[in-house]
Amino acid sequence: MHRSGTSAVARLLNILGAAVPGNLMPPHAQINAKGFWESIDIASLNDELLRRHRSRWDDVLSIPLDDPNQETWQDFELRATELLDRDFLDAKLFVLKDPRICRLLPHWIKVFEHLSIQPRVVIPIRHPLEVSASLKKRDGFPEEKSIYLWLRHIIDTERASRNVPRAFVLYDDLLEDWQSTSVRIAAELGLIWPKPYDTARNEVEIFLDTQLRHHRRQLDQLADGGTVARECRELYLALQRNEPDISSLIDRIHASIAPAEEILTPVLQDVHRQLQLGEFSLAETKAWGSELDTALQEAQQNFNHLREEFDQKCRHVDLLMEETAQLKSALS
């Protein structure tokens, strides 16, 4: 997810010996003073692919990637291959960083497979309210949108990376002990860093300046939010604890928000299309706002009904489990 320490992780891997692409985004004094370590060309390619899927980088809704247009896919594969060949043809290990890849990971994995590149996925995790505070400062996003965006990025990345080696990296752990974090990443991904830790230490510690961290939040601050905030809190807590069954939790959260997204997706996709075409007049914008409010209310009502039904079924399952245990005991 954006603003989650992705630049810090990418630069750490680079210092440890992973090549970075050419044409990097320049540092920004107010956002990332020490650089983004992200290719302008890769980000632009991903933005274009998102547009072809009628989406964009800050879209909170899921993106259907199962059946891409063949022409779109072939064009993406060709251009992605050209960029990878340009920047990494002779590299044995490289790092490709762009938060947009969270939403497009199945496409990228497919490209890697065609090129016989073995992908490893590193997923930086930061407190969703710290991410929200950073996005509010940079983009003016409201907290509700930012934490939903955080949730959607984690869901999409986790679901798409289950069949490849991967490592979750907590931003707090990275800043507290970068070497232990690097050791764990290498172990979980099956890698040996080309550069020894003692050789890299000075450069890493100069780069990972904790003074650059401007936003700190406590986990309890998510407790009083709505449904999305509660789901974010549960997921972040599970990631903090390194709980073994993250995938089941992700699937449950995904299933709980999917019905509301199904209602909103056609509306927002049409808005994205018309914004790209420049079709909105002021009156049309106001009319769309009213339509969206109605759709949101309906989605919330539908979601609440499904959540209540889900809770009832969970209680029913608990009763059945209890009854089964009693029967087993009686049979015994």
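Q: What share of the contacts between residues at least 6 apart in sequence join residues at least 24 apart, and what makes a pair of residues a contact?
A: Contact means that heavy atoms lie within 4.5 Å, and among such contacts in the protein between residues at least 6 apart in sequence, 75% join residues at least 24 apart. This is a predicted model, in which local features need pLDDT of at least 70 and side-chain atom pairs count only at pLDDT 80 or more, whereas totals for chains, interfaces and linings use all residues. Residues are numbered from 1 along each chain as its sequence is written, and side-chain values use heavy atoms, with hydrogens and water left out.

Q: How do you know where confidence in the protein is lowest and where it is highest?
A: The guide is pLDDT, the predictor's confidence in each residue on a scale from 0 to 100, which averages 87 over the protein, with 86% of the residues scoring at least 70. Confidence is lowest in helix α12 (residues 282-331), at a mean of 76, and highest in β1, at 98. Where pLDDT is low, the predicted coordinates should not be read in detail.

Q: What makes a stretch a helix or a strand, and how many of each does the protein have?
A: Helices (H or I, at least four residues) and strands (E, at least two) are DSSP runs, numbered from the N terminus, and by that rule the protein has twelve helices and two strands. From the N terminus on, their order is α-α-α-α-β-α-α-β-α-α-α-α-α-α.

Q: Why is helix α1 called mostly covered?
A: A residue is buried under 20% relative accessible area, exposed over 50% and partly exposed in between (1.4 Å probe, protein chains only), and ten of the ten residues of α1 (residues 6-15) are buried, among them V9, L12 and L13. The elements that cover them include β1 (121-125), β2 (166-170), α7 (171-176), α8 (178-189) and α9 (197-207). In the protein as a whole, 46% of the 332 residues count as buried.

Q: Why are α8 and α9 called oblique to each other?
A: Axes are lines fitted to C-alpha atoms, for helices over the stretch in contact, with angles running from 0 to 180 degrees between N-to-C directions, and those of α8 and α9 come within 11 Å and cross at roughly 125°. Angles under 35 degrees count as roughly parallel, over 145 as roughly antiparallel, 65 to 115 as roughly perpendicular and the rest as oblique, and α8 and α9 are therefore oblique. The contact is made by W178, Q179, S182 and V183 of α8 and Y197, R201, V204 and E205 of α9.

Q: Why are N23 and R54 called partly exposed?
A: N23 has a relative accessible area of 42% and R54 one of 37%, so both values fall in the range between buried and exposed. N23 lies in the loop between α1 and α2 (40-52), and R54 in the loop between α2 and α3 (70-88). Neither is a glycine, yet phi is positive in each, about 55° for N23 and near 60° for R54.
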